[in-house]
Every structure is written in C-alpha cells, then in structure tokens.
Amino acid sequence: MNILITGGAGFIGSHVVRRFVKKYKEYNIYNLDLLTYAGNLENLKDIENEENYSFIKGDINDENFINALFFKYKFDCVIHLAAESHVDRSIIDPLAFVKTNVFGTINLLNAFKKHNQNKGQNRRFYHISTDEVYGTLGQTGLFTESTAYSPNSPYSASKASSDHFVRAYGETYGIPYVISNCSNNYGPNQFPEKLIPLFINNIINNKPLPVYGDGNYTRDWLYVIDHALAIDLIFHKGENHETYNIGGFNEWKNIDLVKLLCAQMDDKLEREPGTSEKLITFVKDRPGHDLRYAIDASKINKSLDWKPSVTFEQGLSKTIDWYLSNKLWLEGVTSGAYKNYYLKQYS
Ligand code: NAD
Ligand code: TYD
C-alpha cells in the first residue's frame, strides 16, 4: 500500500510518520512536506534511512506538482496533516491560511479523485483537523461530533472550510474519507510558538512568560503520542464518512497550566521553587480569543477503545525532559526568522 502523509516533518506529522514507518513495514510511506518554518527533517533523523520511508519536498498548493506526484505513485491512502497551524500567525496573515489549508486540501482531493485507482476497501482520504472549528464553549458543555461549526479565528475558519470540502468531496464524488478533530496537542518536537514549548524555552532562557489576558482561558490538552495512536486506530478501523473527536478529558486553565509547568521546570532545573513563576507576565489579549475548548471523546473511547496513555503531569514531565535534552534542536529553530516573529508578536 502506498500512503501519502502530508506535513510529516511538522510536530504531529513527524510522530505519525515514525509510528507508521516503524509499525507497518508492509506500507510504503511517502512524507510530503514543504519544510516551512514549522517543518524540520531533524524530527525524523532516526527513521530517515528506513526502506519503507521516502521524503518528498513539495508544496500542496502547487497543482501541477501534486497531480504529477499522484500520477506517479497512485497513492492508495492519504493522511493529510500539512497546514498552517498557529492562530496568532493567522491573525497576522489570514490569506496564507486560506491558501494552504483550503486550496492545498482541495488540490489533494482533486488529485486523489483523479489518480486513485484502487477499487478495493483500503483506499481512504484521512483529514486531520482540530476542535477549534467548533468555536468556543462557555463555562460548561463539551464539543461532540454533532456540535455546529462556528470558527472564530482565521486559522479555525480555514480548517473548518477544509473539513467541509473533504466532506463535500465524499458526498459528491464518493471519495472514502474520514475526519478527526483533536484538542490541543503537546509533546516533543512542537515548534516554540505554541504555549507549552514557547514557555519552556522562555523559562530556560529566563525570559518573561507572556500570558494573554487574565489567563482564565481553558484548553483540553493531549500528549502527541496519544494523538498519533488515535490516528493509527481511526485510519485502520474508523468508519468511512465519519468524524471522530479526539481529546483526553483534560481541561486546564492557562494560568494553572503555566504554574504547573513553572513548578516542574524549577524542579528539573534545580532552581528555587517559585523562580519560574516570577517570569509570568500578563499581556494584551489575543483578538477573538476562544474562552474554552473541551472535547467529548466518548465516541472514539467506545467505538475504537482508545484512551490516553499518560496523565497530563506525566506527559508534561516527558515533554520538558525532551526539550532539556534537545537544546540544539531548540536553538536551531529559535534562531533566524523566529526572532523576527517573536518581536512582531510580543513587543
Ligand atoms: P505544524 O505547524 O507543526 O506542522 C505543519 C507541517 O506542514 C510542517 O511540517 C510544514 O512544513 C508543513 N506544511 C505547511 N504548509 C505546507 C505546504 N503548503 N505544503 C506542504 N507542507 C506544508 O503543525 P502541527 O501542530 O503538527 O499540526 C498538524 C495538523 O494537525 C494540522 O492540520 C493542524 O491543523 C492539526 N491539529 C493540530 C493540533 C495542535 O495542537 N498542534 C491540534 C489538532 C489538530
Ligand atoms: P496555543 O498554544 O497558541 O494554541 P491554541 O490557540 O490553538 O489553543 O495557545 C494555547 C492557549 O495559550 C490559548 O488560550 C492562548 C494562550 N497563549 C498565551 O497565553 N500566551 C502565548 O504566548 C501563547 C502562544 C498562547
């Protein structure tokens, strides 16, 4: 089976690629990635020479290139993760998100429609999406698979649009698709623009921890390895034309999460308890900031027998350990263009 994984050099994609390459020797895994600021082949050093793995550098927005690629490899299945993924960047440049997340997804769907000649059961377009498409919750309630889409940021609007196109191609052209909408991920290899790795990096460097607004925003956090496991299960056992919400029933107010992170960092860096908390700085709020995300993961829990393997405290500790033992990776991704982004976003 030829499987195309897009965005495999990014955070979640690299964990999915590694899992598939190592576990399924009978599959040929093609990782297509443009290597934007968020893509990094260092994430896949350990598997780059595996026989069933190939890396292809390319842009999902390039229609001719995508067509030629599908013509050549006749992919049986696609697991589509490539995207612009950061809300704050989407506020600065919404069009970049429309291009990659909407047009790029449509290019892949068109090429799959045209060139996929597998008439058997094992053909599938698996679209990886986010819980942010549902918009925001108040103090109570959970997002289920039937919650109406109500995106509030350019990022979530572009992901919502791509979800709709995947569904529409399924209904209109009979493409066998599956979609999953996951909560906030954290873990090794996450680019330090998102809350947890950004704050780990700042604590290491004794820099302020910029908490947006009053810090009372809530997110539902999942360890990336557990997301990769869920993707594996949905890919192999999920029903066509279904969507699955993925989350660990693990809600944290940002400020409580940051305090836990500070305590663990003090401990690991052998600093006086309370040292890192002193770096917390409340800054101007994000426009359109969603108050609360929380996933009802009952469907995947029950139908695919999936549940997270680690508690948040365990996952966070493993994550910090990874960043502390991969300082070169961290230095590599925070030099150059990162500095300009940081200045623009936080000055
Ligand atoms: P990421 O930003 O770390 O990685 C995205 C990858 O896509 C990068 O390797 C980048 O080089 C590649 N890419 C970007 N534009 C491309 C293009 N035009 N052509 C080819 N490759 C391109 O993102 P992530 O956090 O790993 O997220 C992966 C997917 O999971 C995204 O679709 C995202 O919406 C979704 N998701 C993320 C989270 C999260 O918490 N990070 C949660 C739920 C869903
Ligand atoms: P983030 O990691 O950007 O994920 P998302 O916006 O997709 O949920 O942000 C998680 C939460 O942390 C969100 O409520 C915004 C907040 N946040 C800060 O308070 N400061 C920061 O510097 C960042 C990046 C995020």
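Trainee: Hi! Which residues line the largest cavity?

Mentor: The largest cavity is lined by Val87, Ile91, Asn152, Ser153, Arg219, Arg286, Pro287, Gly288, His289, Asp290 and Tyr293. This is a predicted model, where local features need pLDDT of at least 70 and side-chain atom pairs count only at pLDDT 80 or more, while totals for chains, interfaces and linings use all residues. Residues are numbered from 1 along each chain as written, chains are lettered from A and ligands numbered from 1 in the order written, and side-chain values use heavy atoms, leaving out hydrogens and water.

Trainee: What counts as a cavity, and what as a pocket?

Mentor: On a 1 Å grid over the protein atoms alone, a cavity is a set of points where a 1.4 Å probe fits but cannot get out; a pocket is an open set with protein on both sides within 12 Å along at least five of seven lines, and lining residues have an atom within 4 Å of a point.

Trainee: What lines the second largest cavity?

Mentor: Ala38, Asn40, Asn43, Asn189, Gln190, Phe191, Trp329 and Val333 line the second largest cavity. By class that makes four nonpolar, four polar and no charged residues. The lining of the largest cavity divides into four nonpolar, four polar and three charged. For these classes, Ala, Val, Leu, Ile, Met, Phe, Trp, Tyr, Cys and Pro are nonpolar, Asp, Glu, Lys and Arg are charged, and the others, Gly among them, are polar.

Trainee: Let's switch to pockets. How much space is in the second largest pocket?

Mentor: About 380 Å³. The second largest pocket has 18 lining residues, and those nearest its centre are Tyr212, Val283, Lys284, Gln345 and Tyr346. Two or more lining residues come from each of α3 (87-92), β8, β12 (280-283) and α12 (337-346). Helix α12 gives the largest share, four residues. The lining divides into nine nonpolar, three polar and six charged residues.

Trainee: How do those helix and strand labels work?

Mentor: They are DSSP runs, numbered from the N terminus: helices are H or I with at least four residues, and strands are E with at least two.

Trainee: Now the ligands. How many residues surround ligand 2?

Mentor: There are 18, and the closest are Glu132, Arg219, Arg286, His289 and Tyr346. To be near a molecule, a residue needs a heavy atom within 4 Å of it. The shell around ligand 2 holds nine nonpolar, four polar and five charged residues. Strand β8 gives the largest share of that shell, three residues.

Trainee: Which atom of arginine 286 lies 2.5 Å from an oxygen atom of ligand 2?

Mentor: A polar side-chain atom of arginine 286 does. The side chain of asparagine 184 has an N or O atom 2.9 Å from a ligand 2 oxygen, and asparagine 254 has a side-chain N or O atom 2.9 Å from a ligand 2 oxygen too. A polar contact is a pair of N or O atoms within 3.5 Å; within protein, one must be able to donate a hydrogen and the other to accept it, and residues adjacent in sequence count only if both atoms are side-chain atoms.

Trainee: And what surrounds ligand 1?

Mentor: Ligand 1 has 29 residues around it, the closest being Ile12, Asp33, Ser85, Tyr155 and Lys159. Here are some backbone examples. Phenylalanine 11 puts a backbone N or O atom 3.0 Å from a ligand 1 oxygen. Leucine 81 has a polar backbone atom 2.9 Å from an oxygen of ligand 1, and asparagine 185 also has a polar backbone atom 2.9 Å from a ligand 1 oxygen.

Trainee: Which strand gives the most to the shell around ligand 1?

Mentor: Strand β5 does, with three residues. By class, that shell has 13 nonpolar, 13 polar and three charged residues.

Trainee: Last topic: where does asparagine 206 lie?

Mentor: Asparagine 206 sits in the loop between α6 and β8. Asparagine 206 is not a glycine, yet has a positive phi of about 55 degrees. Histidine 241, in the loop between α7 (224-237) and β10 (242-246), has a positive phi of about 60 degrees and is not a glycine either.

Trainee: Why do we point that out?

Mentor: Because most residues other than glycine have a negative phi.

Methods: Grid points are joined across faces, edges and corners, and a volume is the space filled by probe spheres set on the points.
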